[in-house]
Amino acid sequence: MPELPEVETIRRGLEGQLIGQVLQTVEPADQAAPLGAAVTGLRRFGKLLVIDFAGDISLIFHLKMTGQLVYRATDGTAVAGGHPNSSFVAALPDKTTRAVFVFSGGRLFFNDQRKFGFYQFLPRRAVEELPFVQKLGPEPWVMTPAELAAKLHAHSRSKIKALLLDQTIMAGLGNIYADETLFLAGVHPERLAGSLSQDEVARLITGAQQSMEASLASGGSSLRNYRRTDGSYGDYLTLFANAYGRAGQPCKKCGRPIVKTKVAGRGTHFCPECQQ
DNA sequence: CTAGGATCCTGTCAGC
DNA sequence: TGCTGACAGGATCCTA
């Protein structure tokens, strides 16, 4: 489910398709939709995707757990990303389709099996004023160890896994990349934030960068890795995961089995040997 | 104030 | 086969 790399993969894919295209209709009808306006750009705030239109109206999406965006151009080009399920390649709309945005050159489907995700048209200046955006912490590429250490200090009795999932601490990680980050940093998910050394804090930042960069390089969960070239369904996790989804399989560093537990209410995968 | 649990919703899978 | 419960790549609200 869509974390920063998946949303960024969608942003890049749609950027190549939607810029300059005119919004013609929206289903279900929406009073706030700027029909007749062209797309001027695509932005991202953490896991929030923004499509900007001429006339200073923006369309925001949050995919939450099972949201996905599928764009199909009239010339046959397809871009799909987000929750990797069969709707990537199914005839659309299907029963998970929540909205259809018809552009001059193709149709954009917003699908969401679990209905946690949302979209909204709103004035462009209102995007940055959304509470979610206001509270969002920095992404790991622009965060200093001192900055993260200060934030962790304010929650010193919380488990580090819970704080990595907190978008106000650092933006972009979800359950997969939190586990991957902790693995790369060699930090046990149940460590209390106040117990981490300066070096461990610094490794969490580089671990977050590296885990998400590895996924971005493979296209996140997108059409590209969902369907293999032979037509079978691919598992994009195999492209970069060290810990997530690998319970019982050998740790890639020490060979001992990866363990799955529950931390902060979320399934958590780690190596008990490498993450103390 | 904090930390942790419940919650929104649908589908899938393991176990009986 | 059919039922039941657990779980799922998120974020917010409620409670203690």
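How do the residues of the surface near DNA strand B divide into nonpolar, polar and charged? In this predicted model, they split into three nonpolar, four polar and five charged. Here Ala, Val, Leu, Ile, Met, Phe, Trp, Tyr, Cys and Pro are nonpolar, Asp, Glu, Lys and Arg are charged, and the others, Gly among them, are polar. "Near" is a matter of the C-beta atom, placed from the backbone, lying within 6 Å of the strand. Among the residues around DNA strand B are K95, R114, K115, R157 and K159.

DNA strand C has 19 residues around it, with M1, E6, G174, N175 and G267 the closest. That surface divides into eight nonpolar, seven polar and four charged residues.

Now for the sheet. Five strands line up as β1-β7-β8-β5-β6 in an open, antiparallel sheet. Strands (E, at least two residues) are DSSP runs, numbered from the N terminus, and two of them pair if DSSP finds at least two bridges between them. At the edges sit β1 (23-27) and β6 (78-82), each pairing on one side only. Four bridges join β1 to β7 (residues 97-103), and one bridge partner pair is L23 with F103 in β7.

As for the bookkeeping, residues are numbered from 1 along each chain as its sequence is written, while chains are lettered from A and ligands numbered from 1 in the order in which they are written. Local features need pLDDT of at least 70 and side-chain atom pairs count only at pLDDT 80 or more, whereas totals for chains, interfaces and linings use all residues.
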